[in-house]
Amino acid sequence: MQKNVKRRNFIKTVATGSLGLGVMSSAYSFNILSQYPVQDKVRVAILGVNGRGSQHVQAFAKVPNAEIAYICDVDSRAVSSGLALAEKSGVTNKPQGISDFRRALDDKIVDAISIALPDHWHTPMALMALKAGKHIYVEKPGSHNPAEGELLAKATSSYGKIVQMGNQRRSWPRVQEAIAELHGGVIGNAYYARAWYTNTRQSIGYGKEVVVPKWLDFELWQGPAPRAAFKDNLIHYNWHWFWNWGTGEIVNNGVHFLDLARWGLNVDYAKKVYSSGGRYQFKDDWQTPDTQIASFDFDANKSILWEGRSCNRRGINEMGSGVSFHGENGTLELLDNSYKIYDNANKLIKSAEPTSNTVVDQRGAGFDMDIAHFTNFTNAITKGEKQISPYQEIVKSVMLCHLGNISYRTGRALDIDQSSGRILNDKAAMKLWGREYEKGWEPKL
């Protein structure tokens, strides 16, 4: 403890320039602070513990330099179950259970927030938290539309905080190994990637307007989204398929695999995007496509194809989701936390099985693969460790997904400014670049 106090005093003294060194540049001060971090443990508020948020609880419970300070949800039942899950997962410090996230933002003891809420909340909440001086871990996609992606990327740079997105595959050992193989030329020039995701989601039916349940603060759940009536088929997952709150399968799950495809091909913004598809399997309230193809063309003669089938599970290459890379000398198939390499005669030349510390589930990926990504986030805060997925980089992958949706909704190909990712010469398409907000909830820097 005495050592930590001395270190904090040293940082304070250096930062204020009272060691006789004069006024330092902000860049130099930042480097000093990143080498000698103030926090030894990151106190986290987990916002949203239905679904994916429960895994945030389990993951942070196992991260050595993290402490869960708050469990927050607008569903009072979820708060109770989240607190119980924290205790079951080994958390001993007794987090507070709250329904309004703003209480956590006001608490100076909270270092970071972890956002596992619907897409329409990601950027507005992250911006509020950055203003409150918090670091951010946000589930994919981090934004509801491209304008929000731009805004959060800018805020990440402006506020100087760690913002990490939940594209945890970038932290999986076999994925990192496979990408290194690609970049090392194992299949020569890799010029094409195919990404896919399949599922057997059922119909959501036609919702009925009903009285909001007593356990739900629906007003706060909607937050920045324009107001709509509560229906009995919306919460807690089907919001993904409504444009007012969600972004469809390509952004929900496609972002994981399009991110890996972009990383593997070593490309940034596309120059042309085209997407088609529809709601084919069922007739119901579902608004986004359940079947979607999206193609992305880049400079250097490279392209990516995305295929999403929400209601037909038959996979590709014997996997329900994955990415394959094709080049002048062969193919690399990246299948969750394993990969295979084939030559151009279709001969298997390498097969890398999942790493030994993986607890295999039905997808072939282990839950413990979350831990590396969450730990990288906390280590970036406490130790200055390099982020595996800084938001300014990952937002380029998210943009691909959003652009795929805009192309689908407009029914035409989009020409893209490769320096910014913005749509060129199409005012109608650019109307979908952002969105309308409920008055008083507009996200701002």
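S389 lies in the loop between α12 and α13. The model is predicted.

Q: Why is S389 called buried?
A: The cut-off for buried is under 20% relative accessible area. S389 has 0% relative accessibility, so S389 counts as buried.

Q: Which residues does S389 touch, leaving out those up to four places away in sequence?
A: S389 touches V163, Q164, M165, N167, R170, H373 and I394. A contact needs heavy atoms within 4.5 Å.

Q: What makes the link between the side chains of S389 and H373 a polar contact?
A: The limit for a pair of N or O atoms is 3.5 Å. The side chains of S389 and H373 make their polar contact at 3.3 Å.

Now the sheets.

Q: What is the strand order of the open sheet with six strands, and what is the pairing?
A: The order is β3-β2-β1-β4-β5-β6, and the pairing is parallel.

Q: Why are β3 and β6 called edge strands?
A: Each pairs on one side only. β3 covers residues 96-98 and β6 covers 163-165. From one strand to the next, the twist averages 20°.

Q: How do you know that β2 and β3 pair?
A: Pairing takes at least two bridges between two strands. β2 and β3 have three bridges, in the parallel sense.

Q: What is the strand order of the open sheet with nine strands?
A: The order is β14-β13-β12-β11-β7-β10-β9-β8-β15, with mixed pairing. At the edges are β14 (348-352) and β15 (414-415), each pairing on one side only.

Q: How do you know that β9 and β10 pair?
A: At least two bridges are needed. Eight bridges join β9 (residues 291-298) to β10 (residues 302-309). The two strands run antiparallel. Within this pair, A294 stands opposite W306 in β10.

Finally, two helices.

Q: Which strands does helix α13 lie across?
A: Helix α13 (residues 391-410) lies across β8 (272-278), β9 and β15. Its direction is at about 60° to β8.

Q: Which residues of helix α3 are buried, and what covers them?
A: In α3 (residues 52-62), G53, H56, V57, A59 and F60 are buried. Under 20% relative accessible area is the cut-off for that word. The cover includes the strands β1 (42-47), β2 (66-72), β4 (112-115) and β5 (135-138). It also includes the helices α4 (76-88) and α12 (369-382).

Key: Residues numbered from 1 in each chain as written. Predicted model: local features only at pLDDT ≥ 70, side-chain atom pairs only at ≥ 80, totals over all residues. Heavy atoms only, no water. Buried < 20%, exposed > 50% of the residue type's maximum accessible area, 1.4 Å probe, protein only. Helix = DSSP H or I, 4+ residues; strand = E, 2+ residues; numbered from the N terminus. Axes fitted to C-alpha atoms, helices over the stretch in contact; angles between N-to-C directions. Polar contact = N/O pair within 3.5 Å; in protein donor to acceptor, adjacent residues only side chain to side chain.
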